[in-house]
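Open the model in your viewer and keep the sequence panel handy.

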Amino acid sequence: MRYRVLGRTGWDVSDIGYGAWQIGGNMWGAVSSQRAKAALNGALDAGVNFFDTALVYGNGASEVLVGQVIRERKVREGVRIATKVPPMNGDWPASRTARLRDVFPARWIRECVEKSRKNLDIGAIDLLQLHVWTDSWSADNEWSDAMHELREKGKILACGVSINDHDPNDAVEVTLSDKVDTLQLIYNIFDQSPEENLFAAAREKNVGVIVRVPLDEGSLGGMLRKDTMFEDGDWRAEYFGGDRLRETVQRVEKVRPVLERDGQTLAQGALRFCLSNDVVSTVIVGSTNPEHVRDNARVSDKGPLDEETIAELHTHAWARNFYM
């Protein structure tokens, strides 16, 4: 496993991290605690030291599981745990016209932090993120003052924002504001939009970049087919509804021969694409399968893709937003 610095935090984090949304069990289908813990332990065994969860994942279930495994393994000192404050109004994505007082008032941030600290039971939260974002809130100091207060009290160590899906330009202002240590954003072969403006801003301000959805909700894992039927409780049944699944699979098949070279799987190539950009600090991948977790972690040792392959992959960028 290779490690990179998470921006201005100065922390060395595994360039392949673990995304703990799936183990919450409320959006990807039911997951037993035994299976969830096996996946978390597999990540630790593979050298993963960055884990991303959220209060809303299974109404705290994901945080509880992450905390339990960290305590059981007695590895708290060697790992970094990130979690997120959900929007008080329950709206995903954030609206540019929403008032901060309705989404992230200071009292709500403080309340959620206490819930997350209780769920995790690991002491200070390493990284606290707002779970949605719009730059219309950048100049409002209520959220950033609350984060500063929590840091001063030792309840969190760093703060960041998780950017609205497929909307990286709506976070350039906060990136340049010196109010955040990290950004979490979607970046993959299909959605290369952060390269336009946001990555330059992050590099200028030494803001850590956490990449989510590197496999495009599983499509770049290569396991989806035009007739795939999702399990009960899997939100992707709606996400890939209508004609979306067919079009996605067609595009995946076009990119497959570019990546499946020299014994490399499609998923490994997709992860290496993200890691080939040096502004990226870590790429979080979710899985409840320990073997998949280990396969993902092995990508770290392969290093970046060559420039010719990256240039070819740039031609496969696909502007779309299935969340809307």
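**Stop one: helix α4**

Select α4 and colour Ala106, Trp108, Ile109, Cys112, Val113, Ser116 and Leu120, which are buried (under 20% relative accessible area; exposed is over 50% and partly exposed in between, with a 1.4 Å probe and protein chains only). Looking down the axis of α4, you will find its buried residues within an arc of 150°, so they line one face of the helix; the arc is that of the directions from the helix axis to the C-beta atoms. Helices (H or I, at least four residues) and strands (E, at least two) are DSSP runs, numbered from the N terminus.

This is a predicted model, where local features need pLDDT of at least 70, side-chain atom pairs count only at pLDDT 80 or more, and totals for chains, interfaces and linings use all residues. Residues are numbered from 1 along each chain as its sequence is written, and side-chain values use heavy atoms, leaving out hydrogens and water.

Now show the neighbours: the buried residues of α4 pack against α2, β5, α3, β6 and α5, with contact meaning heavy atoms within 4.5 Å. Step just past α4 to aspartate 121, which takes a positive phi of about 55°.

**Stop two: the loops**

Go to lysine 74, in the loop between α2 and β5. Lysine 74 has a positive phi of about 55° although it is not a glycine, and at 75% relative accessibility it counts as exposed.

Next, select tryptophan 92 and proline 93, joined by a cis peptide bond with omega of about -10°. Proline 93 sits in the loop between β5 and α3.
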